[in-house]
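Please examine the sequence and the structure shown below.

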Amino acid sequence: MSNTINLSHEPVTRIPNGKVAMWAFLASELMFFSGFFAAFIVLRNGNYEVFAQGSAHLNWVLALVNTFILIGSSLTMALSIHHLEHKNNSQFRLFLGLTILGAFGFLVVKYIEYSAKFHDGLFPGQAHHTVFYSFYFMMTGFHALHVIAGMIPMMYMFFRSFTNKGYPYPWKVETLGLYWHFVDLMWIFIFPALYLLNPYSGTLPVH
Amino acid sequence: MSSQTSVIPSYLKVFYTLLVFTILTVVAAKALHFPASWGTPGDVLHVSIGIIIAVLKVLCVMYIFMHLKFDSPLLRVFVYVPVFFFLVMVFALNVLEHFSYTH
């Protein structure tokens, strides 16, 4: 374990400052997404037909592929942190590269999915689509922005790892890892909420 | 952080658990059928199952991938409190809203 990690500890709590800051930020991110989920739940329960139609129109297979991609990239992120903490720069670079690839793959699938929706005449902010699509574009759109935001520092660390000293700060990668796993966590809720849980799934409408 | 040998198998275990639970989520939502009178419309049973599986996945990720298992108990308290209230909100709002529209 390098001195960098020990020096960054807060003396009273013995938790690294960066880690506390990231968890506080993630708590605020949780509140950000909570607003969407709360509004989603309330409106879904008031508009079963609208949410059933919207959900049935989404491509849940593509979303399932994206779920697998995100879970895989969470694993490679955790492994890249592990290898950097054990001073294995080449393995760190390999697994961070795979994580970036996963993030990129997620966005490619999202592009395919959005293209199909645009082809069907469903655009963000259009008056004639239903409230379901407002949630769909807001929640998946903000989630995709989080993926892009995570890719930027990942790419910086990836390119820094090619310098002869390698990437020197394991705790920064661990902090970024927390953010990346949070992006995965939000998808764990968004995937069933939007794509799978049709208000009439398994049964026919009663009226 | 524990030694090199002990961490990677637990990461892989979490990874496999997440894959299995994801498939379970899909199967539960798409293939599991309840009689129409058991909470339709609104489908509170499928929603509850979906939330429970999601919570198990979230706890796996937080405990192992996000290192809470290896972190200070203080940080664990700091993290679990907002997550607990988020889950209470999701679950309670779902159930309350469901019954306010169907009963």
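H2(A) passes H6(A) in a left-handed crossing, a term used if the near helix is turned anticlockwise from the far one by less than a right angle, with right-handed used if clockwise. Helices (H or I, at least four residues) and strands (E, at least two) are DSSP runs, numbered from the N terminus. This is a predicted model, in which local features need pLDDT of at least 70, side-chain atom pairs count only at pLDDT 80 or more, and totals for chains, interfaces and linings use all residues. Residues are numbered from 1 along each chain as its sequence is written, while chains are lettered from A and ligands numbered from 1 in the order in which they are written.

The axes of helix H2 (residues 17-46) of chain A and of H6(A) come within 11 Å and cross at roughly 160°. Axes here are lines fitted to C-alpha atoms, for helices over the stretch in contact, and angles run from 0 to 180 degrees between N-to-C directions. The crossing therefore makes H2(A) roughly antiparallel to H6(A); angles under 35 degrees count as roughly parallel, over 145 as roughly antiparallel, 65 to 115 as roughly perpendicular and the rest as oblique. Phe36(A), Phe40(A) and Leu43(A) of H2(A) form the contact with Val131(A), Phe135(A), Met138(A) and Met139(A) of H6(A), where contact means that the C-beta atoms of two residues, placed from the backbone, lie within 7 Å. By class, these residues are seven nonpolar, no polar and no charged. Ala, Val, Leu, Ile, Met, Phe, Trp, Tyr, Cys and Pro count as nonpolar, Asp, Glu, Lys and Arg as charged, and the others, Gly among them, as polar.

Helix H6 (residues 131-160) of chain A also packs with helix H7 (residues 170-196) of chain A, their axes coming within 10 Å and crossing at roughly 160°. H6(A) is therefore roughly antiparallel to H7(A), and their crossing is left-handed. Among the residues that meet are Tyr136(A), His143(A) and Met157(A) in H6(A), and Trp180(A), Trp187(A) and Leu194(A) in H7(A). This contact has 15 nonpolar, four polar and no charged residues.

Confidence is given by pLDDT, the predictor's confidence in each residue, from 0 to 100. Chain A has a mean pLDDT of 88, with 89% of its residues at 70 or more.

Chain B has three helices and zero strands. In the contact between the chains, 45 residues come from chain B and 41 residues from chain A. The largest share of the side of chain B that touches chain A, 13 residues, belongs to H3(B). That side has 29 nonpolar, 11 polar and five charged residues.

Lys87(A) sits in the loop between H4 and helix H5 (89-119) of chain A, and its phi is near 60°, a positive value in a residue other than glycine. Lys87(A) counts as exposed because it has 11 C-beta neighbours inside 10 Å. His67(B) lies in the loop between H2 and H3 of chain B, with a positive phi near 65°. Because His67(B) has 19 C-beta neighbours inside 10 Å, it counts as partly exposed. A residue is buried if 20 or more other C-beta atoms, placed from the backbone, lie within 10 Å of its own, exposed if 12 or fewer, and partly exposed in between.
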